[in-house]
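This briefing goes through one structure, topic by topic. Look at the sequence and the model first, then read on.

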Amino acid sequence: MNLKLKDIVPQLITVIAVVLIFGFFTYNAQINMENRGIDFGYGFLSQESSFDVQFSLIEYDGSHSYFRAYLVGLLNTILVSVIGIIIATILGVIVGVARLSPNYLINKFAAFYVEFFRNIPLLLQIFFWYFAALRALPLPQDAEAIFGVFFLTIKGLYVPAFIWQNFSIFFYSIVAAVIAIIVIRIYAKKVQENQGKQIPVFFISIGLIFILPLLSFLIGGVKLSFEVPVLKQLATTSFIYEGGVSLPPELIALTLSLSLYTATFIAECVRAGIQGVGKGQKEAAASIGLTPNQVLKLVIMPQALRIIIPPTTNQYLNLTKNSSLAAAIAYPDLVLVFAGTALMQTGKAIEIVSITMFTYLTLSISISILMNWYNKRIAIQEK
Amino acid sequence: MFKYLKQLTSLVAMVAVLFTFTTESMAAKKSKTLKNTQKKGFVRCGVSQGLPGFSNADAAGNWTGVDVDVCRAVAAAVLGDANKVKFTPLSAKERFTALTSGEIDILSRNTTWTLSRDADIGLTFVGVNFYDGQGFMVRKSSGITSTGQFKDGISACTNIGTTTELNMRDFFNSKGIKYEPVAFEKADEVVAAYDAGRCDTYTTDKSGLAAQRTKMKNPDEHIVLPETISKEPLGPVVRQGDSVWEDIVRWSLNTMIEAEEYGITSANADMMKTSDNPAIKRLVGAEGELGAAFGLDNDWSLRIIKQVGNYGESYKRNIADTGILPDRGPNQLWTKGGILYVPPAR
């Protein structure tokens, strides 16, 4: 009984203290806002925003609501985070493996890349890629076509747009291919377990993912054409490209800087993971006759991943949060659109900042949960 | 020795208390901001992060500009020294929060007076120190000489968190032109991006365009188009709920404009005390008790004129002589064809 009380009292005091501190600040904020004639409320979310946004994944203009503007910003944040995470992972794995390469040049180059990019503040890198790289790019009228259809200019990257006919059939063909691959993999595993025979799943998979969509073109009536960007003159020296898809330079600069920066940290995680697996493991695997590929796939990687995943999760979280630096270079992310323009136009500082904080929290926790789930899946199954 | 020291201290303390009681007038008691300002010994003033002519710091950290002069006028009136101002550079996004949260007491940062700002967010506009309007800047080489030549697909660089963003949308929508807004958080980045060729046009208040043009790599390559697409009355802002402070800031600005109207300058202010015109005598503190209403002495307005100068002097020093906008346009006295017209100081 005595022991229990001793355990509970400090915890109780802590909880009360935290509640009191929060209560004090909330109360203070309320009083201050009342004194200064500021209303509190989320009603503004349904009002017309009356400002436009440069780049949006959903249909949006100033006649939509502030809530819609919030969604635009959120989706743009997610877009840059997802692309950034994918590129950073690929680059990070390559560089991490390269750092372990016995080849002197590759090894030193990877080391130089890591040390260079991770030791310069991210905001500076963003400014560098935006302003330095921007100035180096040609004006639309001077741009040389890349492969005849891509145009990289100071106003953005213009790529051809796909124009589909019967897109749904093409989509189903891909779904069918994916299902077929999963079935074959399960079957192949069974065959190997029962008969010891190996089916070349990898090549069959590649074949399927090409052949089925190809069939949809040949007999399914799917047609694909391209709309190539065309130069249009606005004034004597002012041009843009019309048609096709344009990626704003802000998006490109931001993705590039976020990926290059975060990839250095991921590379170090990967290196640590691979080096963390004992040398004996590799030698033992080789001694029972596994091919080098199988050694990597069946012995090294499963163990290395356990070391790699948790710190890499941190890097994914960092990248997502760092994407809020977008505001500096006019990429319309959540911070610029919602915690920037919308906050200014409505003056609802507390409401908007709290929504923005809560949104980042939700995003980060989602990534955490996903990565923890994956981590659990690859963890040692204790029996 | 120590005995005397103790007595001396208590004597000093008593005198100080007495002094506080006698000098603290009714107005100062009513105005928390005035009281705090006098206690701190400086006016806390929010300005821009660098807009030549309005609020701009030189290499030594000295602020100049017509917006800066409003804060200096208040400091001269309230504290007796126009240099007793602490300037806080703010972005367009931060400015209102800084004021409503009490970090600054005057926001003098080329801020447009609009209904929603005045009514909604705990702010009170005290007057107009610059009549402006939104315009467009383009490269001379583009051959564009009027907004009528804008075409679909034009990209426009601007700042976030300003009336500019809203006006721009209204303008392009009414003309039926599709445009690409590229909005930055800070003015320096807007200028850098436009200068690099990211945008076809740069839009903000015309005074801002004229001022930022001086920062470009090659100012002569750019022109400001003649059209004005909005009304932008710029002026100082204070927090809602302190009417004495509000009056002090309003009448510090009005004094500068009225002084110009009566021809009182920093050079001749002292001589004007013997003027025959009672309006002039009131402005230089030789007649009437105008300061008492704010809890200030009677020389408050004289100090403003002597230390900061009248509006015309401030305009000439900051905007005309620096080549930003030599022509005063609407910012001329009503007696000379402009629209500067302030209520009489009496």
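H7(A) passes H9(A) in a right-handed crossing (right-handed if the near helix is turned clockwise from the far one by less than a right angle, left-handed if anticlockwise). The model is predicted: local features need pLDDT of at least 70 and side-chain atom pairs count only at pLDDT 80 or more, while totals for chains, interfaces and linings use all residues. Residues are numbered from 1 along each chain as its sequence is written, and chains are lettered from A and ligands numbered from 1 in the order in which they are written.

**The helix pair**

- The axes of helix H7 (residues 249–276) and helix H9 (residues 292–322) of chain A come within 8 Å and cross at roughly 160 degrees; axes are lines fitted to C-alpha atoms, for helices over the stretch in contact, and angles run from 0 to 180 degrees between N-to-C directions.
- H7(A) and H9(A) are therefore roughly antiparallel (an angle over 145 degrees).
- Residues that make the contact include A:Leu258, A:Phe265 and A:Ile266 of H7(A) and A:Ile300, A:Leu305 and A:Asn322 of H9(A); two residues are in contact if their C-beta atoms, placed from the backbone, lie within 7 Å.
- By class, this contact of H7(A) with H9(A) has 14 nonpolar, seven polar and no charged residues (Ala, Val, Leu, Ile, Met, Phe, Trp, Tyr, Cys and Pro are nonpolar, Asp, Glu, Lys and Arg charged, the others, Gly among them, polar).

**One residue of H7**

- A:Thr255 is found in helix H7 of chain A.
- A:Thr255 is buried, because 23 other C-beta atoms lie within 10 Å; the cut-off for buried is 20 or more.
- Leaving aside neighbours within four places in sequence, A:Thr255 is in contact with A:Val80, A:Ile83, A:Gly84 and A:Ile87.

**Chain A as a whole**

- Chain A has eleven helices and eight strands; helices (H or I, at least four residues) and strands (E, at least two) are DSSP runs, numbered from the N terminus.
- Of the 383 residues of chain A, 30% count as buried.
- The C-alpha atoms of chain A fill a box of roughly 85 × 80 × 45 Å, taken along the principal axes.

**Where chain A touches chain B**

- The contact takes 35 residues from chain A and 38 residues from chain B.
- On the side of chain A, H10(A) gives the most, with five residues.
- The residues on that side of chain A divide into 18 nonpolar, eleven polar and six charged.

Conventions: Buried ≥ 20, exposed ≤ 12 C-beta atoms within 10 Å, placed from the backbone. Parallel < 35°, antiparallel > 145°, perpendicular 65-115°, else oblique.
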